[in-house]
Amino acid sequence: MTDTRDEAIIRLFHVHKRYGAKAALQDVTLEIAKNELLFVTGRSGAGKTTLLRLLYLGEAVSEGQILVDGMNLSRIPRARVPTLRRKFGIIFQDYKLIPTKTVYENVALVLEAAGRKPSVIPKKVRSVLRIVGMEDRMNAFPPSLSGGEQQRVAVARAAAGDPKIILADEPTGSLDEEAAGLIMSYLDTFHTRGATIIVATHDKELLKRADTRVVQLRDGRLLPPAPV
Amino acid sequence: MKRFFLRALKDIRDNRFLTAITVITVALSIMIAAAFALFFVNAGGILNMWQQGIRMMVYLTPQVSEAARQDTMAQLQSIAGVQEARYISSEEALERLRGQMQHHDALLDNLRRNPLPEAFEITLQADRRDSTSLQFLAERIANLETVADVEYGQEWIGRFTAIVNLFSLAGYAIGGLFFMATVFIVANTIRLVLYARREEIEIMRLVGATDRFIRVPFYLQGMIQGGLGTLLGLGSLLLGYLYLTRQFGDPMATEMFTIRFFPVLTCAGIVLGGMVVGWLGSWVSLKQFLK
Ligand SMILES: Nc1ncnc2c1ncn2[C@@H]1O[C@H](COP(=O)(O)OP(=O)(O)OP(=O)(O)O)[C@@H](O)[C@H]1O
Ligand SMILES: [Mg+2]
């Protein structure tokens, strides 16, 4: 990691986030390079979800600055927030699939919302569902799917718009080892296709992967990198 | 745009019952308000027509000399506002009465002496046909020496004008009330749909949907509901109108006036207005809901 400055797609400078008196993040400074795969780890309540939420302006910082792909988040007018969010594909901790829409419609919604041409949407939806092995369940409703299947749909939805950055919040949280491995392999697929991927997790198995950077949060603070 | 429309239609289909109730309520509101407007339009028309036809009868005192009569005529014609003064002799007046009494004119044959006074029938210039000018003119004419009495239906014109004014006021008040009611009804329905869709809306925002993308289908829904409601309300009113005119209207229509419905263009305007009001309802809800 000599000189990644020019390649950084996300930068956080002394970021603080407080919920009332509770400090969820304190003085976090972090750079994430283009096409990096980064794990953010830490105990429950350490601030992982909060960190991800700040990136797509799910919340505003209390202090400090965040740059995402050239956009300064504290200076974005409300009307430009959708532009920022389209840079991301987000896999939420609780999936956030719409129960009254089919798998297909859930994925298609992202593309419609992003203003994609209606003629390209069906093809795109199918192809991304194929990657996660859910093409044959296209017309099912999320509540009828298993947790692992829902998680795969969530991955497909996050990746459908070819986002520059994929945020994955506990993508393997409630899954068994095999299902978790599958999810990670899909994320790897999108990583090799050029996406920057940030995974928040406390899954020890995942962290054993040698090739990826891991940053650790404790009580809202970033721990110094462990000496190898 | 087509996709927005499809989404709006899907929402409407998913909330059929709610939408149906909204449309019916809007229809009832519009029907009542439009019935008032219709009354107002027709009453105004009648008033106008009556005023067009207003003639003033100036009755002369008995035994006026030929010269004095000529003199009176000249004086009448010189008064500003008078268009024409026509002399009606006692005999002509009796003939007219005979004509009006039709089958009972035998009664008049028994008269020994013509009891009717001589008179002038005055037609008025168009800008003098309102009740204030009429009153003013009548007073002036009544002051002439040879004039016994002036008649122009002063009482009923005054009263009718007052009633029409009152009704038009009530019409505006009721119209305003129903306008607000319609906005409120549509706003409430949209609010319920928004509430049912809140999770979905939140997700759409998180994945980068613009406000426009989220809002437009709701605006369309409001407009469809407002438009359908107005259409239904006006349609029912038209049916009621047709029924009534079939039933009782014909003799009245030929003798005195015709009761009219709104012209097509006005109807189109009202439906358009309903759509605007529906849009406004959506706007109110979205404003509250999306901060
Ligand atoms: N909206 C909020 N209002 C108040 N406090 C909050 C809010 N969101 C998070 N917090 C607090 O901020 C801290 C960090 O929360 P966060 O969700 O980021 O933790 P996490 O690392 O994602 O935990 P987990 O592994 O359980 O998901 C917690 O103490 C939490 O209670
Ligand atoms: Mg979390």
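User: Where does B:Tyr172 lie, and why is B:Tyr172 called exposed or buried?

Analyst: In this predicted model, B:Tyr172 is placed in helix α7 of chain B, where helices (H or I, at least four residues) and strands (E, at least two) are DSSP runs numbered from the N terminus. Buried means under 20% relative accessible area, exposed over 50%, and partly exposed in between, with a 1.4 Å probe and protein chains only. B:Tyr172 has a relative accessible area of 60%, and is therefore exposed. Residues are numbered from 1 along each chain as its sequence is written, while chains are lettered from A and ligands numbered from 1 in the order in which they are written. Because the model is predicted, local features need pLDDT of at least 70 and side-chain atom pairs count only at pLDDT 80 or more, whereas totals for chains, interfaces and linings use all residues, and side-chain values use heavy atoms, with hydrogens and water left out.

User: What makes B:Arg197 and B:Asp11 a salt bridge?

Analyst: A salt bridge is a side-chain nitrogen of Lys or Arg within 4 Å of a carboxyl oxygen of Asp or Glu, and the closest N and O atoms of B:Arg197 and B:Asp11 are 2.5 Å apart. B:Arg197 lies in the loop between α7 and α8 (198–206) of chain B and B:Asp11 in helix α1 (residues 2–14) of chain B, so the pair ties together parts 186 residues apart in sequence.

User: Why do B:Arg197 and B:Asp11 count as buried?

Analyst: B:Arg197 has 14% relative accessibility and so counts as buried, and B:Asp11, with a relative accessible area of 7%, is therefore buried as well.

User: How do you know that B:Arg86 forms a salt bridge with B:Glu121, and why is B:Glu121 called buried or exposed?

Analyst: The closest N and O atoms of B:Arg86 and B:Glu121 are 3.9 Å apart, which meets the salt-bridge criterion. The pair links distant parts of the chain, with B:Arg86 in strand β2 (residues 82–88) and B:Glu121 in strand β3 (residues 119–124) of chain B, 35 residues apart. B:Glu121 has a relative accessible area of 12% and is therefore buried, whereas B:Arg86, at 32%, is partly exposed.

User: Why is chain B called more spread out than a compact globule?

Analyst: Chain B holds 10 helices and four strands. Its radius of gyration, taken over C-alpha atoms, is set against a globule rule of 2.2 Å times the number of residues to the power 0.38. For 291 residues the rule gives 19 Å, and the value for chain B is 30 Å, well over that, so the chain is more spread out than a compact globule.
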